[in-house]
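Welcome! Take a moment to look over the sequence and the 3D view, then let us walk through some features together.

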Amino acid sequence: MRRVLFVSGFEVRVKGCEAIDVAKPCGWAGKVLQVDLTDETVNKVPTTNYRPEKFIGGVGLSAKIFWELGCPKVGAFDPGNPLIISVGPLTGTYGPFGRGEVCAISPQCYPDELFTYSGFGGMFPAEMKHAGYDSIVVLGKAEKPAYLSIRDEDVEIKDADGLWGVDTFEAQRVLMSDEPEASVLVIGPAGENLSRVAVILNETKFAAGQGGFGAVMGSKNLKAISVRGTGVVAVAKPDKVLELTRAIVEENKKMYWLRSMFQTPYTAPQETKDVFAQRYFKKHYGCYGCPLQCHSIHDIPGMGLSGVSCANWLYAPKFSLDPKEIWEANVLSQRLGINTFEGMVGLPFLLAISLEAGILSRKEIEEDIGLPTPRWLGGTATNHEFLTVLLDKIADGESPFADGAARFTEYFGKKLVSGEKLVDLYKEMYTARGYAFHHVDNLGSALHWATDTRDPVDSCHEYKLNSPESMEHFGLPSYGSYQIVDLNKTVYEGAERVAAWVQDNQCLKNSLPVCEFWSMITSFYKPPEMDLRVFESRLLSAVTGLDMDVDELAKAGERIWNLRRAIMVKREDRTRESDTLNEPYFKKAIKCLAGIATGLVNGPIDKAKFEALKDRYYELRGWDANTGWPTRAKLEELGLKDVADELASNGKLP
Amino acid sequence: MHEVPKSGVLVHDPNVCAGCGVCEVMCSLYHEGVLGPALARSHVVRHPFTAEHGHNVCRQCSSPSCYFACPLKDKAMCVDEKTGATYVDEDECTGCRMCIDACPFDPPRIRINAEKNVAFKCDLCKGRAGGPVCVEYCSFQALKFVSKDARR
């Protein structure tokens, strides 16, 4: 059965599709909210204007909105940078779907500020949907500190004078005292002061972390977005959804080991873990509607309560094994609104390894960089002294620390005698575009890193966790190991197929949305009985009423990746040459890596073989190998004729 | 006075409740075919900065004032003989709100479905083979069903 669906002038063919009811869509909340803080105008348009049956939600919907805005060539802190917060058709359903995505031009990306994305969980995404919005687009800049108050249809830009300078927890408490059932996205002092590693936070733990989007909010004088929704989202086939939830109940039980692993500082010795488990653990914590609740809440008297999961623990073991110091690092980061991956792992690691490798001396750290040397660097400062100075510097917006590791090393690279070596070290620890090493485990993930705009692995741990069986199930070449592998030993042949598959899948995950924590395990857990792609297509069809089979879903993932690529090409002059990693990855074995991967040897990647791999990747993608640009044939095949026309008029269609 | 049998009841344990809202999602999905706490009978009251979450649901009173207040008693507000729970027959309910005014709890555990103009409340998932859907899906056992015989 084929039906033709007309959506705002476009003719869209969706296999077996029941038309989306613009007034009362199933799965989607129905509206995109556009707020201009400069003009103080509020506009609402039907989500169907953005063809959600093709771009789904999350990063897909946001990319479509950004494209329709013309991909503005402005800086991250320009009022014209649109901050786009989108949820997906599965958000608010029972299961691992309670997430949203923040998309904007990112101040963390280096050297150029690129349009990128960062996912977040918590209560806000579902609440926003209950208020009736699939997407919130914030443009402009408020004249003075403001917050956005949304209660269903009522949207107000309110004065945030009294909240500016207030930490993330306290600001939420104040806003929730006015509207107890609201959920709040907030920035801390780091975001206000335009730190390029500032997060947007919901509650104590749910952050849009990478990208530095907290500073984009700060640049708009926007302290918070408070949302309260008293509506419901319609479901096309409730009985079918109920039936499908049974599988989630079963899968959930298989996930407990992962939740347990991140319940305590998993990189620390057992004694440290035991202290947290026995003395400070309060309860599990997670996103709306999810049975797993994979985060944990701990409460240390006198220091306060907060949520934690993987990266929040990474101050241990290298920097401290003292539970209170580990906790302090986490709570301070959350309250100041700092990306824990940078503030607790990235910069401290860079300093520690610089000192160990003799690149920086204690004198340089103390006198030139201006940090007290902590005990783990052979100094005398307590961790409290070190952390408060470091995190305050990151949050103050003034010091080079506030600009993230890339710009920090660029600054001191010129200033210090050993500056060049510091820059070299940075390039080893930070794989590409200003993002710290994160599972660059094989040629597939190296290629993915090379062709993305940020660290992509937050939402594609498949590279680390794949098994030969699961790779075979999806028709992909196997790396032959679950474990992190040496890039030298990795096959180049077929890595292009793995990367392309994972990229499309990642686009789907971040659009439906499906939690990475689940999909990285369940999609590869005993296929084909539990092939997540099949499950997703069934659930999406039952929720929305659109008959989206596995092929349609795969096509949507590919379409979103191609639209993202078109944005890179149009706005950021992306070419084949810029699809690369920092040069040390092609020159030497990388062993100074952030976080838990320390000690592994990766590479060097053979440059000629990598270029040949890129040739095969572009061919597989249907892109031009000389430029790395998508072709008209591929874009039209994906229903992106308008995108091809626009690229052609920009002289960027091969 | 009309004899009302003792009812089973839902009991919430705030010490283990994660505040995830699964009870709300499953309740609204099962009873109304939609997603959202606005039409859920089971309600989490979240306190993210203390992690002490409350829960509002009908307490299934032994002498249910909502039932006695209903002008269409035994037609609109009825008692399920099997569980003892009071429940609303949507076909009979006129949306007069007398049951809501009579509810001794704050906020009232009966609310109005504005679209249908009928009252709705927890009926312990009357007729559902597995018992209350919120209890079945709560992965922390924060909600428990206490039968009328076990209820003290």
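In which helix is the place of A:Ser649? A:Ser649 sits in helix 26 (residues 641-649) of chain A; helices (H or I, at least four residues) and strands (E, at least two) are DSSP runs, numbered from the N terminus. This is a predicted model, in which local features need pLDDT of at least 70 and side-chain atom pairs count only at pLDDT 80 or more, while totals for chains, interfaces and linings use all residues. Residues are numbered from 1 along each chain as its sequence is written, and chains are lettered from A and ligands numbered from 1 in the order in which they are written.

**The residue A:Ser649**

- A:Ser649 counts as exposed because it has 10 C-beta neighbours inside 10 Å. (A residue is buried if 20 or more other C-beta atoms lie within 10 Å of its own, exposed if 12 or fewer, and partly exposed in between; C-beta atoms are placed from the backbone.)
- Along the chain, A:Ser649 and A:Asp178 are 471 residues apart, and their C-alpha atoms are separated by 50 Å.

**Domains of chain A**

- Chain A is divided into domain 1 (22-228), domain 2 (241-427) and domain 3 (438-649), with bounds that come from an automatic or database domain assignment.
- The centres of domain 1 and domain 2 of chain A, taken over C-alpha atoms, are separated by 25 Å.
- In the contact between these domains, 37 residues of domain 1 of chain A meet 35 residues of domain 2 of chain A. (Two residues are in contact if their C-beta atoms, placed from the backbone, lie within 7 Å.)
- On the domain 1 side, helix 4 (168-178) and helix 5 (189-192) of chain A are the elements that give two or more residues, and helix 5 of chain A gives the most, with three residues.
- By class, that side of domain 1 of chain A has 15 nonpolar, 17 polar and five charged residues. (Ala, Val, Leu, Ile, Met, Phe, Trp, Tyr, Cys and Pro count as nonpolar, Asp, Glu, Lys and Arg as charged, and the others, Gly among them, as polar.)

**A sheet in chain A**

- Six strands of chain A form an open sheet with mixed pairing, in the order 4-3-8-5-6-7. (Two strands pair if DSSP finds at least two bridges between them.)
- Strand 4 (41-46) and strand 7 (115-120) of chain A are the edge strands, each pairing on one side only.
- From one strand to the next, the twist averages 15°.
- Strand 6 (residues 100-105) and strand 7 of chain A pair in the antiparallel sense over six bridges; in strand 7 of chain A, A:Tyr117 is the bridge partner of A:Cys103, and A:Gly119 stands opposite A:Glu101.
- Why is strand 7 of chain A largely enclosed by the rest of the structure? It is because six of the six residues of strand 7 of chain A are buried.
- In a regular strand the side chains alternate between the two faces of the sheet.
- In strand 7 of chain A, A:Phe115, A:Tyr117 and A:Gly119 are buried on one side, and A:Thr116, A:Ser118 and A:Phe120 are buried on the other.

**Two packed helices in chain A**

- Helix 2 (residues 58-68) and helix 22 (residues 550-572) of chain A pack at an angle of about 35°, with their axes 10 Å apart. (Axes are lines fitted to C-alpha atoms, for helices over the stretch in contact, and angles run from 0 to 180 degrees between N-to-C directions.)
- The residues making this contact include A:Val59, A:Ala63 and A:Trp67 of helix 2 of chain A, and A:Ile560 and A:Leu563 of helix 22 of chain A.
- The contact residues of these two helices divide into seven nonpolar, one polar and two charged.

**Where chain B meets chain A**

- The contact takes 21 residues from chain B and 30 residues from chain A.
- Helix 1 (22-32) and strand 2 (34-35) of chain B each supply at least two residues of the chain B side, and the largest share, six residues, comes from helix 1 of chain B.
- The chain B side divides into 16 nonpolar, five polar and no charged residues.
- Strand 15 (residues 233-234) of chain A and strand 2 of chain B pair in the antiparallel sense over two bridges, with B:Leu35 as the bridge partner of A:Val233.
- Helix 1 of chain B is mostly covered, as eleven of its eleven residues are buried.
- Just after helix 1 of chain B, B:Gly33 takes a positive phi of about 70°.
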